[in-house]
Each structure stands twice: as structure tokens, then as C-alpha cells.
Amino acid sequence: MRPETFYTIGANPTAGSSNTILTVPTGYEARITNVFVTNNTGSTKEFTAAWVSGSNTYNFASAKSLNSKDFIEYGGEFGQFLIMDEGDTMTVTPESGSTFVVIVSFILLKHDGAKFDLTI
């Protein structure tokens with residue numbers, strides 16, 4: 001069994017620009033278990049959140065609208081997670097003039113170097 005280390009990080013991303021919330025360190029993989037995003041602005045605002053792997057960007061929330069003081073949560077259930085490989089990043093881009101908070105919980109595992117070719 002590989003040793004696991006659990007983490008939770010928080011960020012106050014800069015409005016109007018892409019913010020890297022997490023970069024998976026070399027030699028590790030991250031199992032993202034929960035992503036919590038809240039809009040602390042006084043009005044409805046949008047954000048985009050993405051997983052960036054190599055040259056591919058996967059928006060899992062694209063121009064997602066959140067009411068004032070509302071939140072959205074991805075994951076959180078047992079067995080639900082996104083696996084990110086070394087060098088992968090998670091980014092959040094809040095709408096200009098907004099105030100968002102992002103909290104990400106994840107398990108960091110030492111990568112054994114094995115790669116699978118899942119090309120379809």
C-alpha cells in the first residue's frame with residue numbers, strides 16, 4: 001500500500017484572471033476529493049474552473065453563475081475523485097469585480113512511475 005497524505009488548501013482567487021489553485025508536484029498524483037467554491041460578492045457572478053493536463057484544458061465549470069453568498073460543491077462523496085498527474089494544474093477564473101473563495105481537498109500519493117495508455 002502506498003502512503004497517503006491528506007490536504008486541504010484555500011484560495012482567494014484574483015477576479016478577472018486565471019488563478020492556479022493547485023499544481024501537482026513532480027513524482028506525485030493528486031486525488032481531488034472535493035472542490036468548494038463560494039461567491040462572497042454582493043451580486044450574482046460567474047467563474048470558470050478547469051483541470052489542465054499537458055496541452056489539454058477541461059472546464060468542469062464553464063461560466064458557472066453563482067448567486068450572492070451561494071456556493072457549489074464538486075465531489076465530497078466516498079469514492080468520488082478526480083485523479084491529477086504530476087504537473088497537472090487546477091485553475092479558477094472569477095468574473096471581474098467578484099470575490100470568490102475556493103477550497104480544494106485532496107489526497108497526495110507518491111507516483112510509482114507507471115503510465116497507462118488510455119488512448120481510444
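Guide: Let us begin with the strand: strands are DSSP runs of E of at least two residues, numbered from the N terminus. The model shown here is predicted.

Visitor: Which strands make up the open sheet, and in what order?

Guide: Strands pair if DSSP finds at least two bridges between them. Here, four strands form an open sheet with antiparallel pairing, ordered β2-β8-β4-β5. Its edge strands, β2 and β5, each pair on one side only. From one strand to the next, the twist averages 20 degrees.

Visitor: How many bridges join β4 and β8, and which residue is the bridge partner of Phe47 in β8?

Guide: Six bridges connect β4 with β8, in the antiparallel sense. The partner of Phe47 in β8 is Pro94.

Visitor: Is Phe47 buried or exposed?

Guide: A residue counts as buried when its relative accessible area is under 20%. Phe47 has 1% relative accessibility, and is therefore buried. Beyond residues up to four places away in sequence, Phe47 touches a set of residues including Val37, Ile72, Tyr74, Val92, Pro94 and Phe100. Ser62 is also one of its contacts; the C-alpha atoms of Phe47 and Ser62 are separated by 7.0 Å, although the two residues are 15 apart along the chain.

Visitor: Which residues of the largest nonpolar core touch the most other members?

Guide: In soluble globular proteins, nonpolar side chains tend to be buried together. In this model the largest nonpolar core has 21 residues, and those touching the most other members are Ala30, Ile32, Val37, Phe47, Met90, Val104 and Phe106. At least two core residues come from each of β2 (19–23), β3 (28–39), β4 (45–53), β5 (56–66), β8 (89–94) and β9 (100–110). The strand that gives the most is β9, with five residues.

Visitor: What does Val104 contact, leaving aside neighbours within four places in sequence?

Guide: Val104 is in contact with Tyr7, Thr8, Ile9, Ile21, Ile32, Asn34, Val35 and Met90. Among these, Ile32 and Met90 are also listed with the core members that touch the most others.

Note on methods. Residues numbered from 1 in each chain as written. Predicted model: local features only at pLDDT ≥ 70, side-chain atom pairs only at ≥ 80, totals over all residues. Heavy atoms only, no water. Core = buried A, V, L, I, M, F, W, Y, C linked by side-chain atoms within 4.5 Å. Buried < 20%, exposed > 50% of the residue type's maximum accessible area, 1.4 Å probe, protein only. Contact = heavy atoms within 4.5 Å. Axes fitted to C-alpha atoms, helices over the stretch in contact; angles between N-to-C directions.
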